[in-house]
Amino acid sequence: MYLLRVLAACLCLSVAAQAQDKPKTCPYDSAHFSLFKPVPRNQLRPLRPDRPGVTESPFTVDAGHFQLEMDALRLINSREDDEQSRTWKVAYAVAKLGLSRRTDVQLEVPLYKIEKERTADAPWQRRASFGDLTLRVKHNFLGDDQEGPVAMGVVAYTRLPTSGRGAVEGGLILPVNVELPHRWNFDVQLETDLNYDQETHNHYLRLMPSVALDHEFNDTFSFLVEGVTQWDELHSGWRSSLNLAPIISFGENFQADLGTHLALSREAEREFFVGFTYRR
């Protein structure tokens, strides 16, 4: 209920602000462009990637254009009971291709992963591998024309066990964006996944809601604050984190970011990352 009240308040503020301004115009007619007839570069919409937070964007890549979003380096530390793990991810990339006004397809390509695990005072056990490929489709069903303050979309994905471990996984993501006055943006998301546990050899359900607030200080610098919590069938209670990420834009088609996930519960993962987004 509290989250719904916050969302309603954000909607009211945004509508009131837009009533004082001229309505936004659609940058192009969606009927004229497709994968094989790309949108002219001078008519591209603002760059709206899914990174750096967990909360994704409901906006798609413009028709006929390519976008690359990459974790150049990410460190993940986690602890559960007497077990400790540390994971390095290198060059984890998501390649996106705009099919139409409201739909794009995505391929997540994890280049290299190093995992280290240990129990109590035992020595670290190290394992390196290529990650699991993920196929994703995003469709926007509200607000992709940028004529209103609210945008909503859906992302469906399937993860393939290309690393040689695990099984097929999948999930559904529902992101919502609310444009607020004075260059603020509010995002809320609900993600549900069917993941695979290698120890029990069974699939299990995970729920992960999140909320994010970012502010564009100017055309170059913005800052993201995000709250994420998750529950699954393998753990008791909710595991939560506070995520912080500065974002630096270099023109209209490239931005860099770095950040951290600060654990708010003992079982939550602690992360540090640096990455970028490029569109052409």
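What percentage of the 280 residues of the chain count as buried? The figure is 43%. The points below concern a predicted model, and each takes up one feature of the chain.

1. Overall build. The chain contains one helix and 13 strands. Read along the sequence, the order of elements is α-β-β-β-β-β-β-β-β-β-β-β-β-β, with the helix α1 covering residues 2-20 and the strand β1 covering residues 66-80.

2. The loop between α1 and β1. P52 is located in this loop. The peptide bond that joins R51 to P52 is cis, with an omega of about 10°. A reader inspecting the backbone may wish to look at the bond between R51 and P52 directly.

3. E226 belongs to strand β10, which spans residues 221-232. Although E226 is buried, it has no salt bridge. The nearest side chain of opposite charge is that of R74, at a distance of 8.5 Å, whereas a salt bridge would require a side-chain nitrogen of Lys or Arg within 4 Å of a carboxyl oxygen.

4. A patch of negative charge. On the surface, seven acidic residues gather in a patch of negative charge: E80, D81, D82, E83, E117, E199 and E267. One of these, E117, is found in strand β3, which runs over residues 103-119. E117 has a relative accessibility of 39% and therefore counts as partly exposed.

5. Positive phi at A91. A91 is not a glycine, yet its phi is positive, at about 55°. The residue lies in strand β2, residues 83-98. Is A91 buried or exposed? A91 is buried, because its relative accessible area is 15%, and the limit for that class is under 20%.

6. Positive phi at R183. R183 likewise is not a glycine and has a positive phi, here of about 65°. R183 is placed in the loop between β7 (169-180) and β8 (184-197). With a relative accessible area of 37%, R183 is partly exposed. Thus A91 lies in a strand and is buried, while R183 lies in a loop and is partly exposed.

How values were computed. Residues are numbered from 1 along each chain as its sequence is written. This is a predicted model: local features need pLDDT of at least 70, side-chain atom pairs count only at pLDDT 80 or more; totals for chains, interfaces and linings use all residues. Side-chain values use heavy atoms; hydrogens and water are left out. Patches are made of residues with over 30% relative accessible area and no salt bridge: like charges are joined within 9 Å, nonpolar side chains (Val, Leu, Ile, Met, Phe, Trp, Tyr) within 5 Å. Accessible areas come from the Shrake-Rupley method with a 1.4 Å probe; for residues, only the protein chains shown count as cover. Lys and Arg count as positive and Asp and Glu as negative; His and the chain ends are not counted. The place of a charge is taken as NZ of Lys, CZ of Arg, CG of Asp or CD of Glu. Helices (H or I, at least four residues) and strands (E, at least two) are DSSP runs, numbered from the N terminus. Buried means under 20% relative accessible area, exposed over 50%, partly exposed in between (1.4 Å probe, protein chains only).
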